[in-house]
Amino acid sequence: MSCQTILPEVRDLTPSMVALRQHLHAHPELSYEEFETSRLVADKLRGWGYEVHHGLAGTGVVATLRKGRSGRVIGLRADMDALPIVEASGLPYASHHDGKMHACGHDGHTAMLLAAGQCLAQSIDFDGTVRLIFQPAEEGYLGAQKMVEEGLFQLFPCDAVFAMHNWPGLPVGRFGFLSGPFMASADTVTIRLNGRGGHGAMPQDTVDSVVAAASLIMVLQTVVARNMPPLDMGVVGVGSIHGGTSSTVVPTCVELAVTVRALKESTRRLLLQRIEALAHAQAEAFGATAEVSVSANAFPVLYNHPRETALARNVALEWLGENGLVADMQPMTCSEDFSFMLQACPGSYLIMGNGEGAEGGCLLHNPAYDFNDASLPYGASYWVKLVSAFLKPAG
C-alpha cells in the first residue's frame, strides 16, 4: 500500500504519533488503573481545544469538538488498558512496569485516535460534533459496559459510534468490515462437581468427583456437535480443571471452567442451557451433585449495524480501492466489549491490518508482541476520513 494514500496532515504528525505510541508501550497500565494514560490523553485533548470529561468508568475520557452548525454527532472509541503479561520483546521501549504489557495494541489504538483528534481540531473542516471516547478496561473487565451504565450516551449522545482493532496477519493499510454478527459472545461457566472424598485404596466408599468430571468433559463435546445446526457457530471448551492433591486421595470436589462462545443470542442461550442440564445429569449418574454458575463478566455478541457498516466500508473503499479491503471478511470467535456500546448506539467495529508474519511479535497477547508503527498513519487517516464523510459540510 503506497504511503501516498496517507493524509498529508497525518503524515506530518507521524513522528510524534510513533513517539507517543512507544511512550505508552513503555508505561502500560492495567484495567481501571489507566491513571497516567488517561491524564495524558485528557491534557493533550484540552490543549487542542476539546471539551473534556474525565472520570466515566473511573479513568475513561470523553472529548467533544464542534464545528459548523449541523446537529450530527459521531463517536470514535479507543481502548487504553494493558495486560498482566511479563514483556519479552527486548525492545528499547519495552515495559517499565514488570508484569504489565501492551500486548494487544491498545497503545497504538490510543495514539491513532489522538493523532486523528489533533488533525480534526487543527486542520480539518467538518459540520457537526465529534466525540472521542477513550475507554478503560477492555481486557475482560467490561469497561465499555461500565461507561454505558454510567450514562455515556445520555451525557454524550451520538448518532453513531465506531471502533477499530489492529489485526496481525493482515497487510498494513488494509481494513476489514462485516455487517451483522461480527464477534462472538463469551461466557465463562464454572461447574463444581461434589462427591464424597476418601482413600484411594477404597474407591467403593467414595463418590469419585474426578471420574464424574472426566465423563462430563467428554459429554460436553457433544453440546455443539449434537445440539446446534451445523451452519451455526458455537464453542464449548473446558480450559481449567482443579481437583485433588494426591494419588492416594479421592477428592471431594472437582471444579471446571468452561468457555462458551456463539454468534447468535439464541445459540448462546441453548449452549448455556445444555451445559447446565448435562452437568446435573452426569453428576447424578455418578452419585454426585453439580453446582453451575455463569460469570457476570460476559460479553454479548458484537453486532455491526448495516447502515453504519456500509458507510464505514465505503470510506475505505473510496480512499484505498478494493485492494484496501479484506476480501470475504468472516465473523470471528473472539469477543469485544465494544458490543455493549453497539447495543446502546448504532455503529460498527472494524479491523485494521497490522502486518503479516507469524513470529511472537506479531501475535496478540504474546509476550513478544509489538504494535506495528507503520500502520499508525493508516489508522489515524481512516478516522479523519470517516469523520469527514459522516460530517460532510453542506454544499
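1. Is Leu 13 buried or exposed? In this predicted model, Leu 13 is buried, since its relative accessible area is 15%, and buried here means under 20%. The place of this leucine is in helix α1, which covers residues 8–26.

2. Leu 13 and Ala 115 are separated by 102 residues in sequence, yet their C-alpha atoms are 6.9 Å apart in space.

3. Ala 115 deserves a paragraph of its own. Ala 115 is found in helix α3 and is buried, with a relative accessible area of 6%. When residues up to four places away in sequence are not counted, Ala 115 touches Leu 13, Met 17 and Ala 380. From Ala 115 to Gly 379 there are 264 residues in sequence, while the distance in space, C-alpha to C-alpha, is 9.4 Å.

4. The next point concerns a pair of helices. The axes of helix α3 (residues 106–122) and helix α11 (residues 376–390) come within 8 Å of each other and cross at roughly 45°. That angle makes α3 oblique to α11, and the crossing of α3 and α11 is right-handed.

5. Which residues in α3 and α11 meet? On the α3 side they are Gly 108, Ala 111, Met 112, Leu 113, Ala 115, Ala 116, Cys 119 and Leu 120, and on the α11 side they are Leu 376, Gly 379, Ala 380, Trp 383, Val 384 and Val 387. Sorted by kind, the residues of this contact of α3 with α11 divide into 12 nonpolar, two polar and no charged.

6. The last point is about cysteines, for which the count of disulfides comes to zero. Cys 334 is in no disulfide, and the nearest cysteine sulfur, which belongs to Cys 104, lies 9.1 Å away. With a relative accessibility of 26%, Cys 334 counts as partly exposed.

7. Cys 345 is buried, with a relative accessible area of 3%.

Definitions and conventions:
Residues numbered from 1 in each chain as written. Predicted model: local features only at pLDDT ≥ 70, side-chain atom pairs only at ≥ 80, totals over all residues. Heavy atoms only, no water. Axes fitted to C-alpha atoms, helices over the stretch in contact; angles between N-to-C directions. Helix = DSSP H or I, 4+ residues; strand = E, 2+ residues; numbered from the N terminus. Parallel < 35°, antiparallel > 145°, perpendicular 65-115°, else oblique. Left-handed = near helix turned anticlockwise from the far one by under 90°. Contact = heavy atoms within 4.5 Å. Nonpolar A, V, L, I, M, F, W, Y, C, P; charged D, E, K, R; others polar. Disulfide = S-S within 2.5 Å. Buried < 20%, exposed > 50% of the residue type's maximum accessible area, 1.4 Å probe, protein only.
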